[in-house]
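Student: I would like to learn how to read a structure feature by feature. Please take me through one.
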Amino acid sequence: MMRLLLVLVAAMGIALPDAARAGFEDGRQAFARGDYGRALREFLPLAEAGVPEAENAMGIIYRYGLGIQEDDAVAHGWFLRAAAKGSSQAQQHLGVIYALGQGVEANDVEAHIWLSLALAGGIEGDDRLMANVNRDVLTRRMSREQLAEAARRAQDMSMRIAASGPGAP
């Protein structure tokens, strides 16, 4: 699991503005060393400023209780902020959170929406494989009506994300 977390954090920060890149890189390196307190101090101001990669990092820190008390509800909030700005990693996390009911009430429609957005948004590697598997499991247990609702709402959300532009708050 730690290897997966390191891969997730290493993949973040690809499209950061120059002003945020230095602080984010310091946070990423601290995270990789297991210095979660320092990572939190580096990521938090960027996340509060609306940088989706940092919001996603904060979600990971809270979801897994890395250097702080685990808090699924707080993790959900950070992932939601990043996902609404187009972070496919955050969208994948939300899909799992809704499927499992971690910090939120379990909801297959919500889970399907977020996993579909993550897949459409270009999530890669093992995360893509897991998002596909998780969405397939959900698809098999959902009704036609639920699938239609999930498809409609995913399309609506995709259009809202596209209209707001990359990384927009």
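This is a predicted model: local features need pLDDT of at least 70, side-chain atom pairs count only at pLDDT 80 or more; totals for chains, interfaces and linings use all residues.

Student: Where do Lys85 and Glu55 sit in the chain?

Tutor: Lys85 is in the loop between H5 and H6, while Glu55 is in helix H4. They are 30 residues apart, so the pair links distant parts of the chain.

Student: Are Lys85 and Glu55 buried or exposed?

Tutor: Both are buried. The cut-off for buried is under 20% relative accessible area.

Student: How many salt bridges does the count come to?

Tutor: Eight. Another of these joins the side chains of Asp108 and Arg141, at 2.8 Å from N to O. Asp108 belongs to helix H7 and Arg141 to helix H8, so this pair ties together parts that are 33 residues apart in sequence. Arg141 has 45% relative accessibility and therefore counts as partly exposed.

Student: Which residues do salt bridges with shared partners join into one network?

Tutor: Glu55, Arg81 and Lys85.

Student: Helix H4 came up with Glu55. Which helix holds Asn56?

Tutor: Also H4, which covers residues 52–64. Asn56 has a relative accessible area of 1%, so it is buried. Its side chain reaches the backbone nitrogen of Ala90 at 3.4 Å.

Student: Ala90 is in H6. How do I check the geometry of a helix like that?

Tutor: At 1.5 Å a residue, the 13 residues of H6 should span 18 Å. The end C-alpha atoms of H6 are 18 Å apart, which agrees. Then check cover. In H6, 11 of the 13 residues are buried. Among them are Gln89, Ala90, His93, Leu94 and Tyr98. After the helix comes Gly101, with a positive phi near 70 degrees.

Student: How does H7 read by that approach?

Tutor: H7 runs over residues 108–120 and has 13 residues. It reaches 18 Å from first C-alpha to last, close to the 18 Å expected. At its start, a side-chain oxygen of Asn107 comes to within 3.0 Å of the backbone nitrogen of Val109. H7 is followed by Gly122, whose phi is positive, near 95 degrees.

Student: Why is H7 described as largely enclosed by the rest of the structure?

Tutor: Because 11 of its 13 residues are buried. The buried set includes Glu110, His112, Trp114 and Ser116, along with Val109, Ile113 and Leu117. The cover includes helices H5 (72–83), H6 (88–100), H8 (125–141) and H9 (144–164).

Student: Now the outside. Which residues form a nonpolar patch on the surface?

Tutor: Leu129, Met130, Val133 and Val137. Together they have about 320 Å² of accessible area. Leu129 lies in helix H8. At 51% relative accessibility, Leu129 counts as exposed because the cut-off is over 50%.

Student: And the whole protein? How many helices and strands are there?

Tutor: Nine helices and zero strands. Of the 169 residues, 44% are buried. For contacts with a separation of 6 or more, residues 24 or more positions apart account for 53%. The protein exposes about 8400 Å², and carbon and sulfur atoms supply 54% of that area.

How values were computed:
Residues are numbered from 1 along each chain as its sequence is written. Side-chain values use heavy atoms; hydrogens and water are left out. Helices (H or I, at least four residues) and strands (E, at least two) are DSSP runs, numbered from the N terminus. The expected span of a helix is 1.5 Å times one less than its number of residues. Buried means under 20% relative accessible area, exposed over 50%, partly exposed in between (1.4 Å probe, protein chains only). Contact means heavy atoms within 4.5 Å. A polar contact is a pair of N or O atoms within 3.5 Å; within protein, one must be able to donate a hydrogen and the other to accept it, and residues adjacent in sequence count only if both atoms are side-chain atoms. Patches are made of residues with over 30% relative accessible area and no salt bridge: like charges are joined within 9 Å, nonpolar side chains (Val, Leu, Ile, Met, Phe, Trp, Tyr) within 5 Å. Accessible areas come from the Shrake-Rupley method with a 1.4 Å probe; for residues, only the protein chains shown count as cover. A salt bridge is a side-chain nitrogen of Lys or Arg within 4 Å of a carboxyl oxygen of Asp or Glu.
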